[in-house]
Amino acid sequence: MSFDRIDALYAEHATWLRERYDEVLEREGWEAVVIHSGSARKRTEFDDQYWPVRPSPHLQHWVALHEPDAVLLVQKGRAPLLARINRFDFWEHPFAPESDHFKPHFEHLGVEEVSAIKRHLPTARVAFIGDDRALAGRLGFLDEAVNPREFLASLDALRTRKTRYEVACVAEANRRASMGHHAVVRAFEGGAGSELTLHLEYLAATSQDDPETPYKNIVALGTNAATLHHVSYGRRVTSATSHGEPESLLLDAGATCMGYCSDITRTWVRGRGSASADIFRALVEKVDAMQQGLCAAVREGAPYESLHDRSHDEVGRILHELGVVRCAPDEAVKVGVTRAFYPHGLGHSLGLQCHDVGCALTRPRADNPFLRNTSVIAAGQVFTIEPGVYFIDGLLRPLREGEGSARVDWALVDALTPFGGVRIEDDLLVTGPEEHRNMTREHLPRGGGDVS
């Protein structure tokens, strides 16, 4: 990434933020807001080790700092004041920022402790944004001024549509994550064994440690792909690997840039010699094609939930074409068969948080309980498209034992179960009425498939 370009984009972003914050402060009746990055938290009361700080996204909306007890004071009509701790610590020090492009846009204050910010606060109404309520109390904030709901909702709304700076950061996060995906699939193709080994390959290729990644990488071989958030990595080479048998890999892993996230999933198959592997390979290819069709169907003004509904129609068709489902595709959707194979939502908003704010303000229908995006699609939104098909015994058992059992070929399900499941996920920016930018496919043109 060219930081010269980032300088110009950030200047535009900072100006936009100052104007929007002035509007929100005025509308909500506040003179200023204090945004706290977060406090170091002990792992347990029985030890003296601390978790790495996960900074407040509201602070990172302004400045890409990854350190505890940074404070940003934003007042109407004034340059924001950024206070950072001048603490000497020979045990450890926080992550250095990737770039200092933000510095010219703030007044800067070095303090020995965070309470020193008190003397810089205006006497009128000031809100506190942060997750350390004890600190807010020590600074003199009453409960009603800590994360006030309507004010917080207004700030969250500013993150729904991304500025050009934010888009550049998400795009760079996709580029970084793609290096990890390429490294892992090469290792998988070459016979690298354990999930832990593949996870470490990913971190090495992206040059990002666990605390920097948007979420714990999901690295799932074989049946583990049926656990949607599998992070209990196997330490040993799997039986399929050691015997040269066909095996699947589901890799759901992202990266960050200036606090902004990418979220990418690919599914791969290696090895030949079995009919079930060939069918699973065909399933991966069909889900990839379906996913690209759903991306192409993104339309400004359309409800995202309608796209999710279309994904179930497509899953019903795929399962019918492969012979997994014996009934007609529309019947599979109507009676809930597809939800046993595809239980999660199609996607979610993406930005400073992996599951970002702004696109789930209304509840989904009751039959879509896990859908995290219920917005009307609009230009400037960034969200994921991630359909999947899985063989999860706990979800399939009621279907297998129920009255509609004959709708499914259970012998084929049992043959495919060792492969766990498939998910394909890209990160999209809506750019126009019928236009989008797929920031993932710029670096990972394939959604998965055969590596053998």
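Student: Which residues lie nearest the centre of the second largest pocket?

Tutor: Keep in mind that this is a predicted model. Gln60, His66, Glu212, Thr256 and Gly259 lie nearest the centre of that pocket, out of 25 lining residues.

Student: What volume does the second largest pocket have?

Tutor: About 510 Å³.

Student: And how do the residues of its lining divide into nonpolar, polar and charged?

Tutor: For the second largest pocket, 13 are nonpolar, eight are polar and four are charged.

Student: OK, now the largest pocket. How much space lies in there?

Tutor: The largest pocket holds about 760 Å³. It has 22 lining residues, and those closest to its centre are Pro68, Asp89, Glu92, His93 and Pro94.

Student: How many residues of that lining are charged?

Tutor: Eight are charged in the lining of the largest pocket, alongside ten nonpolar and four polar ones.

Student: Switching to the sheet. What's the strand order?

Tutor: The order is β4-β3-β2-β1-β5, in an open sheet of five strands with mixed pairing. At the edges sit β4 (107-111) and β5, each of which pairs on one side only. On average, neighbouring strands here are turned by 20 degrees against each other, ignoring direction.

Student: Which strands run antiparallel to β1 and which pair with it in the parallel sense?

Tutor: β2 (residues 71-75) runs antiparallel to β1, and five bridges join the two. Within that pair, Val34 stands opposite Leu73 of β2. β5, on the other hand, pairs with β1 (residues 32-36) in the parallel sense, over four bridges. There, Val33 has Ala127 as its bridge partner in β5.

Student: Why do neighbours in a strand end up on opposite sides?

Tutor: Because side chains in a regular strand alternate between the two faces of the sheet.

Student: Last one, Ser276. Where is it placed?

Tutor: Ser276 is in helix α8, which covers residues 275-296.

Student: Is Ser276 buried or exposed?

Tutor: Ser276 counts as buried, because its relative accessible area is 19% and the cut-off for buried is under 20%.

Student: What does Ser276 touch, leaving out residues up to four places away in sequence?

Tutor: With those left out, Ser276 touches Ala415, Leu416 and Phe419.

Technical notes:
Residues numbered from 1 in each chain as written. Predicted model: local features only at pLDDT ≥ 70, side-chain atom pairs only at ≥ 80, totals over all residues. Heavy atoms only, no water. 1 Å grid on protein atoms, 1.4 Å probe; cavity = no way out; pocket = protein on both sides within 12 Å on 5 of 7 lines; lining within 4 Å. Points joined across faces, edges and corners; volume = space filled by probe spheres on them. Nonpolar A, V, L, I, M, F, W, Y, C, P; charged D, E, K, R; others polar. Pairing = 2+ DSSP bridges. Buried < 20%, exposed > 50% of the residue type's maximum accessible area, 1.4 Å probe, protein only. Contact = heavy atoms within 4.5 Å. Axes fitted to C-alpha atoms, helices over the stretch in contact; angles between N-to-C directions.
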